[in-house]
Amino acid sequence: ASTAPPNSQTNMKTFTKAELATHVGSRFAEDDRPSSDKMMIAIDGYVYDVTSFSKLHPGGLAVLRMVAGEDATKQFYGLHTKDVLTKYHDKLCVGLLEDSSKSDLKLPEKTGEDLVSLVPYAEIPLLRKNWAPSPWWTDSHRAFLLDMRMTLTNMLPEFMDIETKGEYVGSELAQKVGATGILACLNGMACMGVAQKLKDEGKMTFPGGMEPKNFDLWHEYLANQEFARALPVGVRNGLSGGMSISMPAIATFWKDPRKDVVVEQIILGQKRSCLAISEPHAGSDVAKIVTMARKSKCGKYYIVNGIKKWITSGMNADLFSVAVRTGAGGSGGISFLLVDKNDPKTAEGVSVKHIKTSDAKAAATAWVYFDDCYVPVENLMGKENQGFKLIMANFNHERWLICAGVMGGIRMILKECFLWCMQREVFGKNLMSQPVIRNKLAKMIGSIESLEGYMESITYQMANMEHASAMTELGGPTAILKYQTTRIMTLVVDEACQLFGGRALTASGMGKNVEIIQRTYKFASILGGSEEIMADLGVRQALQFFPPDAKL
C-alpha cells in the first residue's frame, strides 16, 4: 500500500477489503494466522494506519487487535465520540476504503450551517429545518448564532485542555475571546455602546458581522445559550460566570466618568469582574449581609471589612461588585460598591483564596477577604443605603442569564442522549428500540420544549415591557422561571445518567459531558437564589397583585 502523506490526493491509495485484511499487525499469542508489519483499520470509509498509535492507545492494544484489518466503524462509535476521530485523522489517515463516498483524505471543512444538528430536538426552533421562525427571530439572529458556534467550536480544544488540566482561565485566552466580541455579547445590552466604539476602532469583531448597535435581548439570549452549550462548565464560569452578573451592574449603576474605560477593559478580557454578594452569614437572604463599609475620617474612602464566599471568578477578578452594609440592619442599610484591585491603596485590603467545589478549578471560585480595604467614595454605585434595590434589579437579569445557560446545557445533553441511544447496543439491539428508553427521552423532550416556550415568553416581556412596569411585574415570573428551569434540569440530568450508566460517572469518553453536568448542575439550583426561595418569591410577588374582591 502507498504511504502518501495525509490529505494528499497525489498517489492517494484506495484499499480493497481484501488488502485491508492483510494489515493486521501482530496476532494474539498462539494465533497461528499470519501477522504483518502494519496494523490498519477503516472507519467511515477512511483507512487509518494505527501501527504506532496502538502502543499508546488509551483503551489498550487488545481492543485494536480485535478489529485490525477490518472496517471498525460500528465498533468505534460504540466506544468513542466523533471528535476523537477528528483529533487523530490527519496523523493516521493513509487512504480510502473501496466504495467509499469520500473524494480525498482531508476531512470536509465545516461551515456554521454544517454545525446545525439534525438530531431531533437538538436545536431551538430557530435552527430547525422547515419550522417557521417565531416573530421575534430574524436572519440576523440566525447568522449571529451560527457564527458564534463556529468560533467557539474552533476554540473548543483550548477550553477542554484548561478544564481537564485543572487550571485557571488565563488572561491571554480571555483576551482572545474578548476580541471576537463574545464577552460583550454575554454581558448584553448594557455594554453595546462601548462595544460599537471598539468595533469601529478595529479592536473587536462581532459574531455574524453585525453591528453592536443592532444587538438586542434576543442576541443576548442566544449568546448565553450557545456559550453554555459549547463550553465545559468550569471554563465557562471562569470566563463569564462572574463577569456577566457584575459588569452589567457597573455599566448601568456606576456614574463615574471612568465607567466606559472599565467596561472596555472587561469586554476585551483585559480585566475580569465578579459579583460579591454571598457571605458565610447570608446567601439568598441578601438583607442579612454583615460586610461593612464605614467612611474614613477624611471622607474620601469607604473602609470595607468582611468576608464574601462562593464568588465565581473571584480568583481572577480585578473588579468586585460588592454588597456592603453602610447603614442600619435590614435592606435599608445596604450599598453597592465597586472594589478595584488595580488601585494600590485598595489592593492592600483585598485577598482571595480558592474554594474547591464540585466545579472545575477553571471556575476560579473564591473566598474574598476585605480587611481595612480603602475604596474611593467615587466607586459607590447608586446612592448610599439604597443599594438593595439595585442588587435586586441585577438579580432579575442574573436569574434570566442562568436560565438561558441551563437551556443551552440541557439541549446539548438531550442531543447526546439521542445519539447514545441510537449507537449503544444492548442484548443485540440499540437502546432506542426499548420502550422504557423512549419514554425517558419523551419526558426530557416535553420538559425542554415547554421550558423553551416559557423562557421565550419571559424574554419577550423583558424586551418589550416598559422599564418601570418590568421592575415590578417581572421579578416574580423570573423567579418562577428559574425554579422551573432548574427543576427540569434535575429531571434531564437524572435521566441522562440512567441512559449513559457508568459513562455518566466517567470524566472522559462518550459520557464526559454528562459527567460534567451531573457533577455541577446543582450550582444553577442554588446560585442566584435557591429553588425554595425562588418558588416562594414568585408566589409572594403574585399575591401583591391579587385582586382583593376575587372569590371562588
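Tutor: We may begin with Tyr 168, which lies in the loop between α5 (139-165) and α6 (171-179). The model is a predicted one.

Student: Why is Tyr 168 called partly exposed?

Tutor: The relative accessibility of Tyr 168 is 27%. Buried would require a value under 20%, and exposed one over 50%. Tyr 168 therefore counts as partly exposed.

Student: Which residues does Tyr 168 touch, not counting residues up to four places away in sequence?

Tutor: Tyr 168 touches Ile 162, Met 315, Asn 316, His 354, Lys 361, Ala 362 and Ala 364. As for Thr 490, its C-alpha atom is separated from that of Tyr 168 by 27 Å, and the two residues are 322 apart along the chain.

Student: What makes the phi of Glu 30 worth a remark?

Tutor: Phi of Glu 30 is near 65 degrees, a positive value in a residue other than glycine. Glu 30 lies in the loop between α1 (17-20) and β2.

Student: Is Glu 30 buried or exposed, and why?

Tutor: Glu 30 has a relative accessible area of 80%, and exposed means over 50%. Glu 30 is therefore exposed.

Student: Let us turn to the helices. Why are α14 and α17 called roughly parallel?

Tutor: The axes of helix α14 (residues 387-423) and helix α17 (residues 475-500) cross at roughly 20 degrees and come within 9 Å. Angles under 35 degrees count as roughly parallel, and α14 and α17 are therefore roughly parallel to each other. Their crossing is left-handed.

Student: What residues make the contact of α14 with α17, and how do they divide?

Tutor: Among them are Trp 400, Val 406, Ile 410 and Trp 420 of α14, and Leu 481, Ile 488, Val 492 and Phe 500 of α17. The residues of this contact divide into 16 nonpolar, four polar and three charged.

Student: Why are α14 and α18 called oblique?

Tutor: α14 and helix α18 (residues 512-520) pack at an angle of about 140 degrees, with their axes 10 Å apart. Roughly antiparallel would require an angle over 145 degrees, and roughly perpendicular one of 65 to 115. α14 and α18 are therefore oblique to each other.

Student: What makes the contact of α14 with α18?

Tutor: Gly 409, Met 412, Ile 413 and Glu 416 of α14 meet Asn 513, Val 514 and Ile 517 of α18. These residues divide into four nonpolar, two polar and one charged.

Student: What makes β1 and β2 the edge strands?

Tutor: The open sheet has four strands in the order β1-β4-β3-β2, with mixed pairing. β1 (13-15) and β2 (40-43) each pair on one side only.

Student: How do you know that β3 and β4 pair, and in what sense?

Tutor: Two strands pair if there are at least two bridges between them. Strand β3 (residues 46-49) and strand β4 (residues 93-97) have three bridges, in the antiparallel sense. In β4, Gly 95 is the bridge partner of Val 47.

Key. Residues numbered from 1 in each chain as written. Predicted model: local features only at pLDDT ≥ 70, side-chain atom pairs only at ≥ 80, totals over all residues. Heavy atoms only, no water. Axes fitted to C-alpha atoms, helices over the stretch in contact; angles between N-to-C directions. Helix = DSSP H or I, 4+ residues; strand = E, 2+ residues; numbered from the N terminus. Left-handed = near helix turned anticlockwise from the far one by under 90°. Contact = heavy atoms within 4.5 Å. Nonpolar A, V, L, I, M, F, W, Y, C, P; charged D, E, K, R; others polar. Buried < 20%, exposed > 50% of the residue type's maximum accessible area, 1.4 Å probe, protein only.
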